[in-house]
Amino acid sequence: MKNNLIKATLAFSVIAFFGACKPKTASDAVTGNAAQKVYVAPGEHDEFYSFTSGGFSGQVSVYGIPSGRLLKVLPVFSQDPETGYGYGEDTKPMLNTSHGFVPWGDQHHLAVSQTNGEYDGRWLFANENNTPRVARLDLTTFTTTEIIEIPNSAGNHSSPFVTDNTEYVVAGTRFSVPFEDVNGDIPISTYAENFSGAITFIKVDPETGKMGIDFQLKTPPVNYDLSRTGKGASSGWFFFSTYNTEKAHTLLEVNASQNDKDFILAVNWKKISEMVKEGKGRKVKAKYAHNVYDHNSHSATSTILDEVHVLDIEDLEGVAYYIPCPKSPHGADVDPSGEYIVGSGKLASLIPVFSFSKMMKAIEEKKFDGDFDGIPVLNYETVLHGEVQKPGLGPLHTEFDANGNAYTSFFVSSEVVKWNVKTLEVVDRQPTYYSTGHLTVAGGNTKNPYGKYLVAWNKITKDRYLPTGPELAQSAQLFDITGEKMELLLDFPTIGEPHYAQIVPASLIVDKQKRIYDINANTHKHVVKNEDDTRVVRNGNRVDVYMTLIRTHITPDNIEGIRMGDEVYFHITNLEQDWDLPHGFAVMGNNNSEVLILPGETRTMKWVPTKVGIIPMYCTDFCSALHQEMQGYIRVSPAGSNTPLRYGTGDKAPKAE
Ligand code: RUQ
Ligand code: CUA
């Protein structure tokens, strides 16, 4: 995207207006009391959580707002050496796909579950672009509990978006590709005939959050960028931005920028979901993984599914319409009332705002400008509420406050622009450092935004921090938006490359926090609930070590009789039942990872010894004053040796014969 937009800048220098002027120095923009406004005293808590996408790191990070303090990085689509996620045997299945084990991802967008169009703080949904997947994180434990792969999709960028009661999580494909039930071994130049777009509706169980693909819409071969669900008046609808309505398959920067207008696709998902219930559509063969993590067995399972329910959008009457939208729209955002739909054409010089009621009227009166691949195209002027004139260059995303204002990020002109949704007048503009991608207002995509803070997630950092070699930290900027003018308060560096984020009041989440896992509820296949049951069992060349950890010893901490050629599985249970008492576990030379084990949890780690001798093992998490004593030895003998299998701790440690 960066390159495209930088090239777009060149194209734009012809259209010679720049709304923004850049201040000379960064600090010009900051007033005296900014520091006070972001100061969270030691021991105090932030007012909001910001769940922030990690971009190409594949993870999600959590910051406190307004302090900008990094609280945690949550492993989602990538292996995580800090916790052992994706390395340990019990979490590896989370990263399984129809392509096999894929231990990294590209994570862009996040959505907190909603009830009545407001955050309910239960789950966080996250997308993965490269190998299309959607994850669900449980916000009582801040862990990834489910990942579902999206078939017939490529580049799961337009995702995930939740409906106003989290009935569905929705995922649109970035690339159109041939569906899996047609032979894909075809010339790329047959794009227009053989490729299709897909929009996937994942049903979410209202009690457990469990996901399952309900249906997919097969659409003309355009690219989907972003989307929003309707709310209030437009509840039941979805609005997806599209680009490449030119159906180009090469040099998209030129060939997909030909049309003066692309489309926002308006879809009545409620009606379609009823059609599905009535039996409309067909089953299509498609392979995809569904991975579920269970918090009692502390283990994940991966199931490969082989079928999805597909509806061809052009066969459906009265549920899908195209709204023409200038120049390769990126964001398609819906205001809190649900009446206004904002299209942000990354190459457009204005922001069109569409009216949902005008759209409904035009549909009723069948005022169409023909069709595009069988889908009626609405008339731009007829459904337009109005245009924001000269807002800036390269509009990308828009969020809202509770007072009728919209905030749009501008990549090319590096600014955030505040404008009034009804009057379409620009109210304020503030420079950003530099080139903002997404922005997030607290609750800014809900029916009742909290407002107060806005964070600009910037793509280019340049001189904002101490240099760190060729690769710089990405940068976020926090604004106070309580006044008429936005006020820059703080810069803070971020992990990976943040795209979108969700800023949620801490009060929605704090009380739900789980502190420990109940050891009595632990149903892990290899759990050991007291030290007397610890043991080492040989089965051929497989050795299972049933181990416990408690302050501050490992049981067993002396193990003999392991041989070269063995595969050793450590099943490690943390017996602690107090908050904030994880233990870690590591074995010298293990090329897997260490693992972190939380109170009441069991983790399985595989180790293949690589040399004869004494191998140390120890706890990696500083758990008490005697943490450094929490260690032990494993004796590895040559293959075929008859060293007996003996083990124990303290008095029970094997003695010399
Ligand atoms: S995109 S910078 Cu991946 Cu959300 Cu707009
Ligand atoms: Cu247990 Cu350190």
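Analyst: Here is a quick tour, from the overall build down to a few residues.

User: What should I know about the source and the numbering?

Analyst: It's a predicted model, where local features need pLDDT of at least 70, side-chain atom pairs count only at pLDDT 80 or more, and totals for chains, interfaces and linings use all residues. Residues are numbered from 1 along each chain as its sequence is written, chains are lettered from A and ligands numbered from 1 in the order in which they are written, and side-chain values use heavy atoms, with hydrogens and water left out.

User: How many helices and strands does the chain have?

Analyst: Seven helices and 45 strands. Those are DSSP runs numbered from the N terminus: H or I for helices, at least four residues, and E for strands, at least two.

User: And how compact is the chain?

Analyst: The chain is as compact as a globular protein of its length, because its radius of gyration is 27 Å, close to the 26 Å that the globule rule gives for 657 residues. That radius is taken over C-alpha atoms, and the rule is 2.2 Å times the number of residues to the power 0.38.

User: How much of the chain is buried?

Analyst: 59% of the 657 residues. Buried means under 20% relative accessible area, exposed over 50%, and partly exposed in between, with a 1.4 Å probe and protein chains only.

User: Which residues touch the most other members of the largest nonpolar core?

Analyst: F201, L217 and L265, out of 28 residues in that core. Helix 5 (residues 269–277) gives the most to this core, with four residues. A nonpolar core here is a set of buried Ala, Val, Leu, Ile, Met, Phe, Trp, Tyr and Cys residues joined through side-chain atoms within 4.5 Å.

User: What is L217 in contact with?

Analyst: Leaving aside neighbours within four places in sequence, its contacts include F201, V267, I272 and L311. Contact means heavy atoms within 4.5 Å.

User: Switching topic, where does K210 lie?

Analyst: In the loop between strand 12 (197–204) and strand 13 (211–219). K210 is partly exposed, at 43% relative accessibility. Not counting residues up to four places away in sequence, K210 touches several residues, among them R136, E146, D205 and H290.

User: Last one: is P431 buried or exposed?

Analyst: Buried, with a relative accessible area of 15%. P431 is found in strand 29 (residues 426–431), and its C-alpha is 48 Å from that of A586, 155 residues apart in sequence.
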